[in-house]
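This report is meant for a reader meeting the structure for the first time. Please look over the sequence and the model before reading on.

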Amino acid sequence: MAKKNGSISYRCSSCGYTQPRWLGRCPECGEWNSLEEIIIDKNNVTPAGRGKEAVEKNKPVGLASIQAQENSRLSTGITEFDRVLGGGAAKRSAILLGGEPGIGKSTLLLQTAASVSKSGKGDSVLYISGEESAAQIKERADRLELNCTGINILCTSRLEDSLDALDSLNPTFVIIDSIQTIYSAEAGIIPGTVNQLKYCANEFISWVKERDSVLVMTAHVTKEGTIAGPKSLEHMVDTVISFERNADDIRFLHAQKNRFGSVDEIGIFSMSEKGLEPVVNPASLFLTKRKENQPAGVACTPVFEGSRVFLVEIQALTVAAKASVSRIYSEKIDSGRVARVAAVIEKRCGLCFSDQDIYVNVAGGIKLSESSIDAALAAALYSARTDIAVKNGTAVFGELSLAGEVRPVNKTKQRIKAAEGLGFSNILAPADDDKSGISDIKALIKTIFR
């Protein structure tokens, strides 16, 4: 009987005899009740090949009876990349890496390919490029002084060529650079369309889900920095990673989605002549080194990104509004948070911000989103508005409520220890049940600015 996704047949579990109808006894070997239902699926992907294959009908099983998979992660050989992935790339997973042109996506993946191939575990790599020639990739590898042993290069935009190479080589690590350049005649001949992206990505993901391999696909981004193409492409993969940069040669790698790890970790790289190099000790990377006292409008705070503490410098500037309505310019901290903190200061401390244009920045270009930065943001705004500088060696953190309370945040001891390790002697933390501290915005302002 014909089905939407294939036809139904019955196969003997004893001898493998197949026939279109169920029988109580196998005509070939004579076994009773041995015929099991199978589906002839033309879209099925098996290690033996592609095309019309017979597969057993999937049936539910008890979760408690399933054995957890050991050694389920593959190390990329790059510490910061492994950190963002949650301790390495999970096998049978698909990773989508997005970033603006020239940021270093291809460089990172080529370095990863070299590290995986020389791990000594027999891992092979297939690098499929639809944007560059094999000679261009080899020139980059030579410039970065990478060992190319174990790396196979395929320069094509045809999906069918890529799938044939995957079936023949059966690599452990697969790189698609980029998914927008791959096309299949089954979905048209123009690459980059919505149908092409979904169809080609689904074929690659289906292949890797059947094997202990890892798939990494690079993707173009829009002007806003989001991955170009259908949003469903992000839903199809297991991990979505964003690659960003600041004004210097620092690159930030963070996960927007991760089924096998945390999305709070951040990887930090510096771009050099030898490629992307992990920043080993980034704790003071986002602090400005000054020989003199710090200017007004600057406040320092310890923030957590995953399992690490960074000391960051929040910078604020207020000027008289040029229009009848004041505006907020803030890229690294959400402008809504800036408006809320300014409103709390205006209401609880009587300092007017409604006639001011507010500019907020974070030194080093890192984006901040956790609530613990509220107190430091308030100190920076008050300092900028009154032109009174925060004393050197002062670090402050805490969540600011609409009532003006400075609320406790998690991992207080780790934040204080990290700040003390970088030479901060005056650390202002929220009041807790078992210790004294800053209780509200008025106490915070009085303590910092006397």
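## A residue in a loop

Does Ser401 count as buried or exposed? Ser401 has 15% relative accessibility and therefore counts as buried, where buried means under 20% relative accessible area, exposed means over 50% and partly exposed lies in between, with a 1.4 Å probe and protein chains only. Ser401 sits in the loop that runs between strand E23 (399-400) and strand E24 (406-407), and, leaving aside residues up to four places away in sequence, Ser401 touches Val344 and Arg407, a contact being heavy atoms within 4.5 Å.

## Basis of the description

The model is predicted, so that local features need pLDDT of at least 70 and side-chain atom pairs count only at pLDDT 80 or more, while totals for chains, interfaces and linings use all residues. Residues are numbered from 1 along each chain as its sequence is written, and side-chain values use heavy atoms, with hydrogens and water left out. Helices (H or I, at least four residues) and strands (E, at least two) are DSSP runs numbered from the N terminus.

Helix H8 has 13 residues and reaches 18 Å from its first C-alpha to its last, close to the 18 Å expected at 1.5 Å a residue, a span taken as 1.5 Å times one less than the number of residues. Because 11 of the 13 residues of H8 are buried, this helix is largely enclosed by the rest of the structure; among the buried ones are Asp374, Leu377, Leu381 and Tyr382. Just after H8, Asp387 takes a positive phi of about 60°.

Helix H7 (residues 335-349) packs with H8 (residues 374-386) at an angle of about 65°, their axes lying 10 Å apart, and the two are therefore roughly perpendicular, a term for angles of 65 to 115 degrees. On the H7 side the meeting residues include Arg337, Val341 and Ile345, and on the H8 side they include Asp374, Leu377 and Leu381. By class, this contact has 8 nonpolar, no polar and 3 charged residues.

## Helices H4 and H5

Helix H4 (residues 159-169) and helix H5 (residues 194-209) pack at an angle of about 5°, with axes 11 Å apart, which makes H4 roughly parallel to H5, as angles under 35 degrees are described. Leu159, Ser162, Leu163, Leu166 and Asp167 of H4 make the contact with Tyr199, Cys200, Glu203, Phe204 and Trp207 of H5. By class, the contact of H4 with H5 has 7 nonpolar, 1 polar and 2 charged residues.

How values were computed:
Axes fitted to C-alpha atoms, helices over the stretch in contact; angles between N-to-C directions. Parallel < 35°, antiparallel > 145°, perpendicular 65-115°, else oblique. Nonpolar A, V, L, I, M, F, W, Y, C, P; charged D, E, K, R; others polar.
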